[in-house]
Amino acid sequence: MNRSGPVVGLACAVQFIDVVGVTLLVVALPAIQQDLSLGPAALSWAAAIYALAFGGLLILGGRTADLLGHRPMFIAGNAVVVAGSILCAVADSAAVLLAGRALQGIGAAASVPAALAAILAVVPAGPRRGRALGLWTMAGAVGGASGFVLGGVVTELVGWRWLFAVVALVALVAAVAAPGVLPPDRERATREPLDILGAALVTGAAVLVMVGLQRAETSGFSAVSSWLPLLLAPAVAAAFAAWERRTAAPLVPPHLWSLSTFRVGAGTAFLLTATTSGGSVISTLFLQDQLHLSPGQSGAAFLLVSGGVAATSLAAPAVLRRVGTTATLLAGFAVVAAAMLTQALAVALHSLPVFLPGLALTGLGLGLASVASTTHGTTNADESTSGVIGGLLNAAAQIGTAVGIALLLTTATTWPGNGELAAYGVAALTCVGALAAVALSASTRTAAEGTHERQS
């Protein structure tokens, strides 16, 4: 019996709802602040703590899924998301809301890598896997964009608490359905121990980066609370690298770092989310503060992003087969760069009709490059590493989101004159840099292959 269809569908539903959680509160924050009487610090943490827990624990979640089993981690992760979502839905104080958001992030960090591992386990390499990964990537990218839409529309129509009720329902259905849908994990002859110290170090490094960037959004990079975590993060990362070389059972299998497919996949995931997530936050500010759209109206505008992502995510597997990964990545980044330039022009002209095509272009480029990134990054994944590779790729995307939002939001709020115009310029330049990096990597690889052939 072919079980791949239900597995892919269930995995994509979880990917969608967990990534939605990153952007779900952006538009709803003013309503939450008013209902719970949150101060600026609590409001900032309400927006950030989910991403901190999610992004910081993804590598640990992925490796734990590889060691303990993907199906148990999928079920446990979704159960934690349900608990966190219920806490958020009934929250009557900042403490309860923050606890719920943290639990949601912890659960997502466990369930998302396990979901990707389930897809890789049931869909063999080839065109079918390409289509499955296209759907997976579409679910994540549409989820990220849809958070703005759902947050605005649901908050305006029935209130922000229903956002969490919907998340809880989807996660509950996923947890209940998993035993009958996901394949059982194969028994292994030996069980490697979990690298607790390595997990603590890599999680600490990721959280320090994201805390520093989150503080930079509100206090600027000159504040001690911003630059101190960013200064400590490389030291903790270096300690992690040193420990991984010494331990007999490293958290991340050493050979993964030598895989060019994985490095390119992680690097492009980081740059894509840095430009598009940061750009989306600036877009929300422009639509509401400058063009005076309501939260529902500005959220609905992001349907253009979701539609663009869906269209190119579905088409991308065929494009990949026809032109290859490098050309697809180049095309995706080129379209995102064009989107940022179009939105910059709209800011200069103060024009909604010019701005909307920029949102559509963002989705088109994001879908195309994201599928190429995920497909390339998981090329060499097997049963023993699919969870940690999924965790690493998603962690790169989450850290990219944090970096992009902090950098572009700081630019938009501190740049003399029109900061939003400058922020889109930074995003466009980042895409140009990514284009150059992908082209250079491809030319270097081609030259190396030519040298190897001549020597043979």
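A crossing of two helices is called left-handed when the near helix is turned anticlockwise from the far one by less than a right angle, and right-handed when clockwise. The crossing of helix 10 and helix 13 is left-handed.

Before I continue: this is a predicted model, in which local features need pLDDT of at least 70 and side-chain atom pairs count only at pLDDT 80 or more, while totals for chains, interfaces and linings use all residues. Residues are numbered from 1 along each chain as its sequence is written, and side-chain values use heavy atoms, with hydrogens and water left out.

Helices here are DSSP runs (H or I, at least four residues), numbered from the N terminus. The axes of helix 10 (residues 260-290) and helix 13 (residues 325-349) come within 12 Å and cross at roughly 20°; axes are lines fitted to C-alpha atoms over the stretch in contact, and angles run from 0 to 180 degrees between N-to-C directions. The two helices are therefore roughly parallel to each other, a term for angles under 35 degrees.

Which residues of helix 10 and helix 13 make the contact? With contact meaning heavy atoms within 4.5 Å, helix 10 contributes Val 264, Thr 268, Leu 271, Leu 272, Thr 275, Thr 276, Ser 283 and Phe 286. Helix 13 contributes Leu 329, Phe 333, Val 336, Met 340, Gln 343, Ala 346 and Val 347. By class, the residues of this contact divide into 10 nonpolar, five polar and no charged; Ala, Val, Leu, Ile, Met, Phe, Trp, Tyr, Cys and Pro count as nonpolar, Asp, Glu, Lys and Arg as charged, and the others, Gly among them, as polar.

Methods
Angles under 35 degrees count as roughly parallel, over 145 as roughly antiparallel, 65 to 115 as roughly perpendicular and the rest as oblique.
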